[in-house]
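Let's take a friendly walk through this structure, starting with its strands and ending at its surface.

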Amino acid sequence: MPFGADDFEFMARALRLAERGLYTTTPNPRVGCVLVKDNRVVGEGWHERAGGDHAEVVALKAAGASAAGSTAYVSLEPCNHHGRTPPCTHALIDANVGSVIAAMQDPNPQVAGGGLQKLRDAGIRAEVGLLQEQARELNLGFVSRMTRGRPWVRVKIASSLDGKTALKNGVSQWVTGADARRDGHRWRARSCAVMTGIGTLKDDDPQLTVRDVQTDRQPLRVVVDSRLRITPQAKLLDGGAVLIATAAQDASKAQALEAKGASIVVLPNGEGKVDLLQLTRHLAKLGLNEVLVEAGLNLNSALLRAGVVDELLLYLAPVMLGDAARGMLDLGEITQMQQRLELQIRDSRMFGPDMRILARFAGT
């Protein structure tokens, strides 16, 4: 059936609620729910973290007896399987809601339409597709993990206007200003993991933690280090979860790093480097939805060649660093214009003097 203006308003409200879980819900999706009766909100809620009540249950508890006969606007199809918590479909049925409108179908194969059908079988009208694109954008990583078996990979690059990320000697602090760097921490906070390469570790010795945003969850730090050159003294190893992906079998080095709390995964390809596609699949098995890459030219380019980059988060500073400086990507020689990489700019905005561009490869 067609949706009315009120339907759009209430679903937009459910999506805004879902956004409140932007930094906390991993590995679960971000979900909001609004219960409406006689055109009045009687209960609402969002999923805050894995193991906690789902959005529908929070909203039902807030509504109490008023939930009976209401319409539930949910940003994702209610689940119909037992996970850490009971199925939300059971809770909605037990509360005698009159109808359910979901923004999108759950891509989880354990649900995938089954939740809506369960509601219909119980005599509850169940519709799907209202503000579907907005709901999908909010959970790109979860959708990617469920449908492609790998996380959504977002490569963050801070560069000069001439496309340079660091001086020839490796110095890169700071190309962009404080406002842009603070925004970068927001993207770290929403990510399940932050990935870097051994080159960046050697040059900058970064922590890769969220510091400029209030959050009680730190992303997993992932280091791609084919020859296991990272030292136990690296700042990144001081507190928090770290995964080191390597192609080297070196028991003594691995033992020293594991003593610092790091986990090691050995994923060699035929060239003695880390198999990056297999790494993304490994990260998906760990329940990671979004991965933010903060690396240099070598890893950025290798990920691109491996076909696992979904999105570029570019911060462009109004400065020039010159030809000798390090570039953002090595695309090899392009001899025909048809070989160029085409991007779709999804968003652009200013942070102080710097411009942020969010772009995807055509067809992503």
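Strand S6 (residues 152–160) and strand S12 (residues 290–293) run parallel and are joined by four bridges; strands are DSSP runs of E with at least two residues, numbered from the N terminus. Within this pairing, arginine 154 has leucine 292 of S12 as its bridge partner. Before going on, note that this is a predicted model: local features need pLDDT of at least 70 and side-chain atom pairs pLDDT 80 or more, while totals for chains, interfaces and linings use all residues. Residues are numbered from 1 along each chain as its sequence is written, and side-chain values use heavy atoms, leaving out hydrogens and water.

Both strands belong to an open sheet of nine strands with mixed pairing, in the order S11-S10-S9-S8-S12-S6-S13-S16-S15. At its edges are strand S11 (263–266) and S15, each pairing on one side only; two strands pair if DSSP finds at least two bridges between them.

Now to the cysteines: how many disulfides does the structure hold? It holds zero, a disulfide being a pair of cysteine sulfur atoms within 2.5 Å. The sulfur of cysteine 79 has its closest cysteine sulfur in cysteine 88, but at 3.8 Å that is too far for a bond. Cysteine 79 counts as buried because its relative accessibility is 7%, and cysteine 88 is buried at 1%; buried means under 20% relative accessible area, exposed over 50%, and partly exposed in between (1.4 Å probe, protein chains only).

Finally, leucine 341 lies in the loop between strand S14 (326–327) and strand S15 (343–351). With 45% relative accessibility, leucine 341 counts as partly exposed.
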